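Please look over the sequence and the structure shown here.

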Amino acid sequence: MKEPGTAPVLEVRDLVTRFPTERGTVHAVNGISYTLAPGEALALVGESGSGKSVSALSLMGLVPPPGRVVRGEVRLNGRSVLDGAGVALREIRGREIAMIFQDPATSLNPVLTVGAQLTEGLRRHLGMNAAQARKEGARLLDTVGIPNAADRLSNHPHEFSGGQRQRIMIAMALACRPSVLVADEPTTALDVTIQAQIVDLVKTLQRELGMAILWITHDLALVAGLVDRVAVMYAGSIVEEAPVRAIFRTPTHPYTVGLLRSMPALNLRRERRLESIAGRPPDLLGESASCPFAPRCPWAEGRCHEENPPLRHVAEGHASACWRWEDVAREVRP
C-alpha cells in the first residue's frame, strides 16, 4: 500500500505514442499521466484498442516499429527512462522494471529450456555464475508453485501447461526483484480457476517483495480485490482515475459506468440484465476535438460533440474527463 508522502517509484507524464500507417497516423496513446508509489498497485482498464498495452510497451522501450514515443517523460526511481540509449534500457529492463506478457506461449522461446531463459537475467543483471543462477532459478520456480522445480529447469516450454507457463513468466519477471512489475493481461488466456490462482500468487508476491504493480486488463471485476487505484482508458486517454472503491461505488464517467454495467454482479438481491456499450470504439487515425466517447454516450450533449473535456479533479484522489460528471455520479449512485 502507498504510504503518505512516499516518493513515487514510477512517474509517467504526458506520454504520447504514435504509429504512422499508409492511412494516416494512429494516435495510440494521447498524453496520459500517472504515478505509482512503492508497494502500490494500479490497474489500467479498458476495451481492446484503448491503448493500455501500447502504453506499457512505451514504458519498457518496446514499442514495435514503426511506432514510437513522440512526447512525454517516464521516470523510474527518479531517473529518466526514455532519454536513455538502447543499452541503458536493456540494463533497466528486468532489473528495475519487468513485464509479464499476455501470452506465455508466444513470449517464451520454444527452443530454449526454461532454465536457460530463467537464468539469463540472473547472470546478466546480478552477476551470478551458472551454478548460482540455476539454484536461484529452481527456487524461483518453487516459489511460483512449479513442482519438482530443480528437475523441470531442463524442460522446454511446451512441456508445461498454460497456467504453469504463466507462472514461469512471473518467475522470470521477479527474478531480479524489480521495483515495478507490469502485468499485461496475464490471465486472459487462462480458465477462471487458474486466473484466480495467478492473481492470488501475484498478490502474495507483491506483499512479500514490496514491489509496485501496473496491472493491465479489460476486466474491471478482476482487479476489484487486487489494486489500490484504477485508471480507465478510452481511445488512448485516461478518462477516469480513482481509488478502486470509488470506481465501483461512485463512477463519474459514462464509459466507466458502461464497463461496470457489462459485468455480472453476484451480490444483487435480484437478477440484473447485463448491458453492452452501444456503438464501437473510435478510429484512432487523426485527432478529434470532441469527446471520443460522445457518439456512444447516453449523457452526451452539444458541448461533448464540440470540445474534448480535460481530466480534472472531482473528489479526493478522483479525476474524471466528462463535462457532465456530476449528473453521471448522481444518476448511478447506489
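**From the whole chain to a single residue**

A compact globule of 334 residues would have a radius of gyration near 20 Å, and the chain has 21 Å, which agrees. This radius is taken over C-alpha atoms, and the globule rule is 2.2 Å times the number of residues to the power 0.38. The model is predicted: local features need pLDDT of at least 70, side-chain atom pairs count only at pLDDT 80 or more, and totals for chains, interfaces and linings use all residues. Residues are numbered from 1 along each chain as its sequence is written, and side-chain values use heavy atoms, with hydrogens and water left out.

Along the principal axes, the C-alpha atoms fill a box of roughly 65 × 50 × 45 Å. Buried residues account for 48% of the 334; buried means under 20% relative accessible area, exposed over 50%, and partly exposed in between (1.4 Å probe, protein chains only). Among contacts between residues at least 6 apart in sequence, 64% join residues at least 24 apart, where contact means heavy atoms within 4.5 Å.

The chain contains 11 helices and 12 strands. These are DSSP runs numbered from the N terminus: helices are H or I with at least four residues, and strands are E with at least two. Four of the strands form an open sheet in the order S2-S1-S4-S5, with antiparallel pairing; two strands pair if DSSP finds at least two bridges between them. Strand S2 (24–36) and strand S5 (79–80) lie at the edges with a single partner strand each, so one side of each has no neighbour in the sheet. In general, strands of a sheet pair through backbone hydrogen bonds, either parallel or antiparallel. Strand S1 (residues 10–21) is joined to strand S4 (residues 68–76) in the antiparallel sense over 7 bridges; Arg 13 has Glu 73 in S4 as its bridge partner.

Helix H1 (residues 52–60) packs on this sheet, touching S1, S2 and S4, and its direction makes about 110° with that of S1. Such angles run from 0 to 180 degrees between N-to-C directions, with axes fitted to C-alpha atoms, for helices over the stretch in contact. Because 7 of its 9 residues are buried, H1 is largely enclosed by the rest of the structure; Leu 57 and Met 60 are among those buried residues. Just after H1, Gly 61 has a positive phi of about 70°.

Finally, Arg 124 belongs to helix H4 (residues 114–126). Its relative accessibility is 46%, so Arg 124 counts as partly exposed. Leaving aside residues up to four places away in sequence, Arg 124 touches Arg 90 and Glu 91.
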